[in-house]
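Please consult the sequence and the structure shown below while reading.

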Amino acid sequence: MLKMVHKITHVTVRDVRFPTSLEQHGSDAMHTDPDYSTAYVVVHTDSGLQGFGFTFTLGKGTEIVVCAVRALAGLVVGKSLQEIVSDFRGFYRLLSSDGQMRWLGPEKGVIHLATAAVLNAVWDLWARAEEHTSPRVFITCADCFFCLTEDQMLKEGYPAYTTSCAWIGYSDEQLKQLCTDALKSGWTKFKVKVGADLEDDTRRCRLIRQMIGPDKTLMIDANQRWDVSEAIGWVSSLAEFKPLWIEEPTCPDDILGHAAISKALAPLGIGVATGEQCQNRVMFKQFLQASALQFVQIDSCRLGSVNENLAVLLMAHKFKVPVCPHAGGVGLCELVQHLILFDYICVSGSLSNRMCEYVDHLHEHFTSPVVIHDAHYMPPKDPGYSCEMLESSVKKHQYPEGDVWKQHKNN
């Protein structure tokens, strides 16, 4: 039970961007010069308690999401935390189904990104009010299974894979060095960005496979670059490198296209993974019904925060499809660690074919950065949803007036 009402008095939002494009961090076949960014939200209450949240963007367009958050703020201000959590479903629908704003795209597009940012802040506020990490807000310790699996998770962690070694803009020398360092740090699962040039992809996949050996796991990710027939042919050409999956092989809205790709690649032992650009739970339902994916990749900021991600976790469990979340960017690893713990402890109870993406960028800008040990996510310990950024980092990287961007403009 909440000890205080915590009435929301106002909502602030800032455009925070990091110039990651300068070193090609995050580069892939479709997004060649990303500047990892957030629409960073703070929910303020009359008690002084604050909730922090954000949604992830790639630079240009963040200002549009900021405007969308401001448009939603009027639906939030004046409500108490107690009122919200007593009918969280109703609050979610209030934000996602406003009679006028939903015309911009019902549960998709920029309004849904803004909804995720606001809801992430509210979940953070609730967890802080309860002095728990977010999964504990809706998990009861009275469940013996919970106590058993949480103890195991605290000791062992949740398996992760790395994408940090093989961004498409990295040189072979950089790729080799990063891969060598990752192997020394205990990483056994690696993802390679592909899709721009088949000859280049073949060379880079061969290089990575030779470095990690035949027993470690390799995945490939095209970031929606191909049409359906092109995806089938291209991935078939890379089958010799034994990828576990091809991620986002085609348009993220083409459910039947993904189904066709899945069917064609099944004899090669290659699955299809997708979801980071899947706009809502209804699309995930159809992906699952059509057997269009073999790995579900939820995203903490693409869907409507914890609320909608829980629905997808339950559907994935019903269809017996493992969840391997998308992470990286700015703060996505910090958020998704809560969701994978909930999935393991309260839904799947299994780590079979499950792993979560990890990207080693920008964690130093958070007050409670994610902890990785021996290529595993370790459970968070600080109260909240791990959304809070260092105020010094926010001011320095706020666009366009932060010092980083003033200096970048002068150069």
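## Pairing of the strands

Strands β2 and β3 run antiparallel and are joined by 8 bridges; two strands count as paired if DSSP finds at least two bridges between them. Strands (E, at least two residues) and helices (H or I, at least four) are DSSP runs numbered from the N terminus. The model is predicted: local features need pLDDT of at least 70, side-chain atom pairs count only at pLDDT 80 or more, and totals for chains, interfaces and linings use all residues. Residues are numbered from 1 along each chain as its sequence is written, and side-chain values use heavy atoms, with hydrogens and water left out.

A hairpin is formed by β2 and β3, with 4 residues between them. In its turn, G48 has a positive phi of about 95°. Within β3, G51 is the bridge partner of V43.

## The sheet

The open sheet has 3 strands in the order β1-β2-β3, paired in the antiparallel sense. Its edge strands, β1 (8-17) and β3 (50-57), each pair on one side only. From one strand to the next, the twist averages 20°. Strand β2 (residues 37-45) pairs with β1 over 9 bridges. V43 in β2 is the bridge partner of V11, and T38 in β2 is that of V16.

β2 is mostly covered, with 9 of its 9 residues buried, that is, under 20% relative accessible area with a 1.4 Å probe, protein chains only. S37, A39, V41, V43 and T45 point one way from this strand, whereas T38, Y40, V42 and H44 point the other way.

## Helices on the sheet

α4 lies across β2 and β3 and runs at about 150° to β3. Such angles run from 0 to 180 degrees between N-to-C directions, and axes are lines fitted to C-alpha atoms, for helices over the stretch in contact.

## Packing of α1 and α4

Helix α1 (residues 62-76) packs against helix α4 (residues 109-130) at an angle of about 60°, and their axes are 8 Å apart. That angle makes α1 oblique to α4; under 35 degrees counts as roughly parallel, over 145 as roughly antiparallel, 65 to 115 as roughly perpendicular and the rest as oblique.

In α1, the residues I64, V65, A68, V69, L72 and V76 meet V110, I111, L113, A114, T115, A117 and V118 in α4, contact being heavy atoms within 4.5 Å. By class, this contact has 12 nonpolar, 1 polar and no charged residues. Ala, Val, Leu, Ile, Met, Phe, Trp, Tyr, Cys and Pro count as nonpolar, Asp, Glu, Lys and Arg as charged, and the others, Gly among them, as polar.

Terms used: Buried < 20%, exposed > 50% of the residue type's maximum accessible area, 1.4 Å probe, protein only.
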